[in-house]
Amino acid sequence: MDSLVNLSDKFFDNLIMKVKKSVEETESDKLCLQRSLQNFLKSGRKEDAFSVYFCFSEIFNLFGNGYENTKRLLELLSDHEYHSGELLSKHRDHYSHSVYVFTLGLAIYSNDSKYRKEFNKFYNLKNSEYDFYEFLKLWGLVALFHDIGYPFQLAHEQIKTYSEELLGKDNPNNPYVTYNNLDAFLTIKDETKKKISKSLLIEKEFSDLNELLAYGLKIREGYDANCICEKLKSRILNASKFMDHGYFSAIILAQQLFAVNNFEFDMTKLDVLTAILLHNSLNRYDISNAHPIAVNEHPLSYLLILCDELQVWDRLAYGKVSKRDPIAWDINLEVDNKLIRAKYFFESFKIKYYDGEEEKERPNKSYDEMKKGVFVGNINKFIQPFHTLEVYCEQLEKNKKAFLYASDDNFINLCDLAKAIHASYNDHCKELTSSMIEEDFGKLPLEFKMSNIEQAKSYPQKLELINCFYSSKELDYHVVTDFKDIEAGDVSDTLGFLCREEHVRWVREKLSLGWKYGTDYKDSKERNQKKIHKDIVPYEVLLPEERSKDEVMINNIFKLLKKFDSNIKIYNYRLGRKPTLNIAGVGHRFYNDDEGELKEQVKEILIKYNKNNRVVVMTSFAYGTDQLIAECANELGIATKAILPLEYEDYIQDVKKDVEAHGIPFTEDDELKMRHLLAQTVVCKSIIDPINKYEAASQYLIDNCDVLIAIWDGKEAPLLENGNPINIGSTYDSIIKARTKDLIEKGNIHIIRCCRD
């Protein structure tokens with residue numbers, strides 16, 4: 001997924017937001033959306049997809065005030081899929097799928113100048129500084145909401161599946177679901193009719209939404225409006241085989257837009273609606289004189305169909321047949337103004353199945369269609385080829401997804417939970433009514449709303465760390481109501497342990513949004529403007545009153561989860577989850593090797609051990625490879641511990657002095673980097689030896705590690721001179737210490753060679 005992260009990041013590099021608030025807050029909003037998208041692409045979780053929907057809705061307020069007027073559309077889709085999808089024969093997720101489609105569009109627009117030129121020309125954007133912003137607004141509306149009508153198709157498919165299984169697939173007497181009483185659903189209010197006609201510069205008033213959509217297809221595709229109207233009616237009233245969610249998505253979105261006070265409607269909004277209408281089946285199967293959609297006649301429709309077809313990886317299977325035919329689990333994507341090259345990764349090209357008692361194999365359907373060219377051929381039937389599309393497949397063992405937990409969170413409204421968290425932190429909110437809390441939450445900048453949401457999303461992970469999970473189901477596990485009841489393996493103080501984890505989560509969140517350590521501010525307003533914070537330090541350095549905030553959050557886990565459902569319980573696993581594995585990292589302070597290559601080797605080792613363990617990386621955070629190893633752990637989401645030979649501030653100055661003594665400038669950025677790395681540690685411990693400054697810390701690392709990673713030049717440095725110790729605590733000394741343990745027999749010493757010359 002890294003390729004899609006990089007391609008979409010280019011979009012944000014070029015995106016200039018229109019300033020509706022302060023410049024600082026507007027840029028912060030942009031960063032929130034970018035970070036949410038990055039997190040989703042790394043995890044694929046619907047909780048992270050939610051963050052993308054939330055940010056987009058809050059930034060553009062398309063249906064009124066932010067996400068509140070959007071939530072029903074999106075959460076109903078997610079709930080219906082989760083509860084109804086398994087009743088169907090074929091069905092895959094559409095909630096997270098829409099965010100992937102959204103990301104693909106950003107990648108194509110930003111990396112394909114040919115398509116971007118066509119889009120800008122069509123919408124008369126004139127290559128202004130806000131082109132990317134205008135595209136984001138239109139494309140987000142199309143991509144993120146193109147499947148909101150899927151519950152209508154789900155209801156149809158449920159009865160169809162049931163009838164076919166009960167009465168036979170080809171039985172002409174099978175009952176089916178159709179829809180009546182649509183007149184009110186399709187009605188356009190008189191006042192709205194006048195606004196639409198005025199904005200489109202026409203005299204005609206549309207009697208209903210079918211007429212409006214048909215007009216849009218006539219303008220863009222040249223289709224006969226009367227014929228389209230009849231097709232739309234017949235497909236919904238007498239559709240025994242298929243029900244088009246694209247139609248219902250367009251109708252629902254239109255009604256939501258019309259419900260906004262002082263709504264603005266123009267041809268671009270109509271293009272949004274017709275793009276959604278066309279994306280599924282109407283233009284493929286039901287219009288007799290249909291033609292493939294061209295970029296220069298409907299660029300939004302073209303892009304939606306293309307991205308919707310390309311997004312055939314990492315889609316959760318609900319339906320019974322869908323579960324038997326796994327699609328690709330990842331993609332590598334290349335985009336430029338000449339071609340789109342997609343490589344799909346399958347865990348296996350073959351599907352094993354039983355014919356009676358005999359095990360047989362058949363080709364994976366998705367892979368087979370790609371291999372035979374059917375996949376690309378079908379896309380080129382639906383849209384006129386504008387890109388050269390190359391598709392490849394590779395068989396690759398599936399990586400286990402990170403950040404997936406046992407907690408059953410499908411019943412939790414993350415937005416409501418975030419509001420409760422906000423109220424629990426703020427004394428002035430605690431006595432307010434729910435509507436007043438909602439109003440108070442609504443006044444927060446997007447960054448701080450997202451901070452509360454991210455905290456709510458961290459509950460499953462926090463509980464997993466202490467061998468717990470929550471669920472609304474009645475399960476045969478020990479129910480816990482207090483941290484004292486929890487058996488958490490090697491964790492003795494569960495409250496303190498989780499407080500440290502919460503502080504690290506908060507630090508990483510702040511750093512990802514551009515904050516830095518600093519103390520030069522007089523109040524929270526100036527602090528937020530400068531994006532500096534005195535608490536971006538290790539947990540041990542925090543003042544007691546600041547630690548208490550983390551304790552509030554952790555203690556609220558039990559109370560807030562219960563608040564949203566009377567049957568939610570927190571359970572303790574019978575046995576511990578992944579065992580903790582401590583990996584010590586040592587290495588030279590100065591080296592000449594390529595940093596990227598060294599990091600790849602370190603990460604390969606960490607990933608291997610992290611599959612079956614909860615890895616904690618310990619290092620002394622000296623200049624050079626110590627910090628490089630810690631960076632690798634942070635980038636992989638692995639916990640770090642600092643074992644320092646001096647007190648915190650003294651050690652930072654000691655490192656600075658040492659680096660400068662070697663003729664290398666230790667800049668303000670170098671110091672901030674070190675502070676930020678240390679702030680992300682779950683433990684920052686000083687082991688002080690007044691005689692041999694680095695000896696005690698080095699010994700502690702080796703005594704308490706299960707695995708050693710050493711970035712070493714291979715030279716055996718002398719450890720004694722005239723009987724006196726020298727180089728004690730060095731990289732080579734640490735390796736010698738490790739060899740005296742049983743690590744070498746277990747193969748747990750990993751040497752990565754580097755060059756210091």
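User: Is N467 buried or exposed?
Analyst: In this predicted model, N467 is found in the loop between α23 (459–465) and β6 (468–471). Its relative accessible area is 7%. Buried means under 20% relative accessible area, so N467 is buried.

User: What is the phi of N467?
Analyst: Most residues other than glycine have a negative phi. N467 is not a glycine, although its phi is positive, at about 65 degrees.

User: Which other loop holds an asparagine with a positive phi, namely N61, and what is its relative accessible area?
Analyst: N61 has a positive phi of about 45 degrees although it is not a glycine. N61 is found in the loop between α3 (46–60) and α4 (71–84). N61 is partly exposed, and its relative accessible area is 36%.

User: Which residues are in contact with N174, leaving aside its neighbours within four places in sequence?
Analyst: N174 has its place in the loop between α8 (150–167) and α9 (183–186). N174 is buried, with a relative accessible area of 14%. Leaving aside its neighbours within four places in sequence, the residues in contact with N174 are S163, E164, L167, G168 and K169.

User: How are helices α6 and α7 oriented to each other?
Analyst: The axes of α6 (residues 113–122) and α7 (residues 131–144) come within 11 Å and cross at roughly 80 degrees. Angles of 65 to 115 degrees count as roughly perpendicular, so α6 is, relative to α7, roughly perpendicular.

User: How many nonpolar residues does the contact of α6 with α7 have?
Analyst: On the α6 side the contact is made by Y115, R116, F119 and N120, and on the α7 side by D131, F132, F135 and L138. By class, this contact has one polar and two charged residues, and its nonpolar residues number five.

User: How are α11 and α14 oriented to each other?
Analyst: Helix α11 (residues 209–221) and helix α14 (residues 267–278) have axes that come within 9 Å and cross at roughly 95 degrees. That angle makes α11, relative to α14, roughly perpendicular.

User: How many charged residues does the contact of α11 with α14 have?
Analyst: In α11, L212, L213, Y215, G216, L217, I219, R220 and E221 meet M267, L270, D271, L273, T274, L277 and L278 in α14. By class, the contact has 10 nonpolar and two polar residues, and its charged residues number three.

User: What is the distance between the end C-alpha atoms of α27?
Analyst: Helix α27 (residues 595–610) has 16 residues, which at 1.5 Å a residue should span 22 Å. The model agrees with this expectation, because the end C-alpha atoms are apart by 22 Å.

User: Within what arc do the buried residues of α27 fall?
Analyst: The buried residues of α27 are L598, K599, V602, I605, L606 and Y609. Seen down the axis of α27, they line one face of the helix, because they fall within an arc of 125 degrees.

User: Which exposed residues does the face of α27 turned away from its buried side carry?
Analyst: The buried residues of α27 pack against β11 (580–587), β12 (614–619), α28 (625–635), β15 (707–712) and β18 (749–753). The face turned away from that buried side carries the exposed residues E597, E600 and E604.

User: Which elements do the buried residues of α31 pack against?
Analyst: In α31 (residues 695–703), the residues E695, A696, A697, S698, L701 and I702 are buried. The buried residues of α31 pack against β11, β12, β13 (639–644), β15 and α32 (731–740).

Key. Residues numbered from 1 in each chain as written. Predicted model: local features only at pLDDT ≥ 70, side-chain atom pairs only at ≥ 80, totals over all residues. Heavy atoms only, no water. Axes fitted to C-alpha atoms, helices over the stretch in contact; angles between N-to-C directions. Helix = DSSP H or I, 4+ residues; strand = E, 2+ residues; numbered from the N terminus. Parallel < 35°, antiparallel > 145°, perpendicular 65-115°, else oblique. Contact = heavy atoms within 4.5 Å. Nonpolar A, V, L, I, M, F, W, Y, C, P; charged D, E, K, R; others polar. Expected span 1.5 Å × (residues − 1). Buried < 20%, exposed > 50% of the residue type's maximum accessible area, 1.4 Å probe, protein only. Arc of directions from axis to C-beta.
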